[in-house]
Amino acid sequence: MSSLFSLTREKLAGHFLQIGQSKFRAEQVFDWVYRKGIYDISQMSNLSLPLRQELCSIFDTALPHEVKRQESKDGTVKFLFELEDHSKVESVLMRYDYGNVICLSSQVGCAMGCAFCASGLLKKERNLTAGEMIGQVLAVKEYLKPSFETLSHAVVMGTGEPFDNYDNVMDFVRILNDPKGIGMGARHITVSTCGIPDKIRRYGKEGLQINLAISLHAPNQEIRESLMPIARAYPLDELIPAVKDYIESSGRRVTFEYILLEGVNGSLQNADELSDLVRGMLAYVNLIPYNPVKEKPYRRSSKDKVKAFHDRLLKRGINATVRKEFGKDIDAACGQLRAKEKKVL
Ligand code: SAH
């Protein structure tokens, strides 16, 4: 059975037209699911009984099954969800002062194999459907309900490469952003990619106001190649022009993510190279303190070095911030998601 949560309002309207119903039914269903939080089709009382029965026989509306939950001292929560085929994915809830943010996964495992990241240790098993991504959002919203909290932001920065699952991720953001769907503001949604030029250009033409983050992590091709296999397929001199095209067609500022790895990419010379690389672009650099991964040789740069690198960028006229850290005590920080329980369950 296919998940009702996989369908954009437009696609659901198309389904209704096909079965001889008014496309307005899609709005009614969206209202039940995303506004009222009623997932049980049989309770959708403004649809006729036979229509409800028909929909029940076609669509599944189950939320992902939560198999484990870890709560951090800082309010961060890591969820392990089991999907219909028993695959497992993780999502993280972070409580910033400006709102609650979900970091969600877009694939089971990841094919990108970045040298520093835990998620790639699992290898990609499959793409998530839009419904499985929406399911993560709905499940976290349910978790927040008893404390009257809401979910204001979403980042597609969990396990997986979203642009390796482009169509499903686009349907997901459309449902999330749809004012008649979940209604999360486009500016509150961020998709993060390791850098796939044709998808970056396509994303710029979607007409969405959603944020784009690029995992850069290196100021030059040589270092980038040593960290990210994708850089061999799409070198910096192809990536940067694609990002420029994106900025041009979307008018949106991009974020360059840059993990500081001790002895690898954090020298002041690297800061200068990075400044030259991004100068003049409508962009800012988000410096990420590295979160150690047991199987990986990398270490995080010291606080002083992070500060020196940051200061140097600012001095060179580059907008830069240092990412706040969450959930370190529960392995929920960036690059630490890997659905470990896979092995024991
Ligand atoms: N595949 C996408 C999204 C997932 S990774 C991408 O590459 O952007 C989300 C961010 O966390 C990326 O910038 C990634 O490079 C970073 N990251 C991965 N491992 C990390 C680690 N151990 N410490 C800090 N950040 C990490």
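Predicted model: local features only at pLDDT ≥ 70, side-chain atom pairs only at ≥ 80, totals over all residues.
Which residue stands opposite Val285 in β13? Phe256 does. Along its principal axes, the C-alpha trace spans about 70 × 45 × 35 Å. Of the 345 residues, 56% count as buried. The accessible surface comes to about 15,300 Å², and 50% of that area belongs to carbon and sulfur atoms.

Contacts show how the chain is folded back on itself in sequence terms. Among those between residues at least 6 apart in sequence, 67% join residues at least 24 apart. As for charge, there are 48 positive and 43 negative side chains, and the centres of the two sets lie 3 Å apart.

Strand β13 covers residues 283-289. Seven of its seven residues are buried. In a regular strand the side chains alternate between the two faces of the sheet. In β13, Ala283, Val285, Leu287 and Pro289 lie on one side, while Tyr284, Asn286 and Ile288 lie on the other, and all of them are buried. The partner of β13 is strand β12, residues 254-260, which pairs with β13 in the parallel sense over seven bridges.

Thr8 is found in the loop between β1 (2-3) and α1 (9-18). With a relative accessible area of 7%, under the 20% cut-off, Thr8 is buried. Leaving aside neighbours within four places in sequence, Thr8 is in contact with Phe30, Asp171, Arg174 and Ile175. Ala283, in contrast, is 275 residues from Thr8 in sequence and 30 Å from Thr8 in space, C-alpha to C-alpha.

Met44 sits in the loop between α2 (24-36) and α3 (49-58). Its relative accessibility is 0%, so Met44 counts as buried. Not counting residues up to four places away in sequence, Met44 touches Val29, Trp32, Val33, Ile38, Tyr39 and Arg52. Gly109 is 65 residues from Met44 in sequence, and the two are 36 Å apart in space, C-alpha to C-alpha.

Terms used
Residues numbered from 1 in each chain as written. Heavy atoms only, no water. Buried < 20%, exposed > 50% of the residue type's maximum accessible area, 1.4 Å probe, protein only. Contact = heavy atoms within 4.5 Å. Areas by Shrake-Rupley, 256 points an atom, 1.4 Å probe, with all protein chains shown as cover. Lys, Arg positive; Asp, Glu negative; His and termini not counted. Charge placed at Lys NZ, Arg CZ, Asp CG, Glu CD. Helix = DSSP H or I, 4+ residues; strand = E, 2+ residues; numbered from the N terminus. Pairing = 2+ DSSP bridges.
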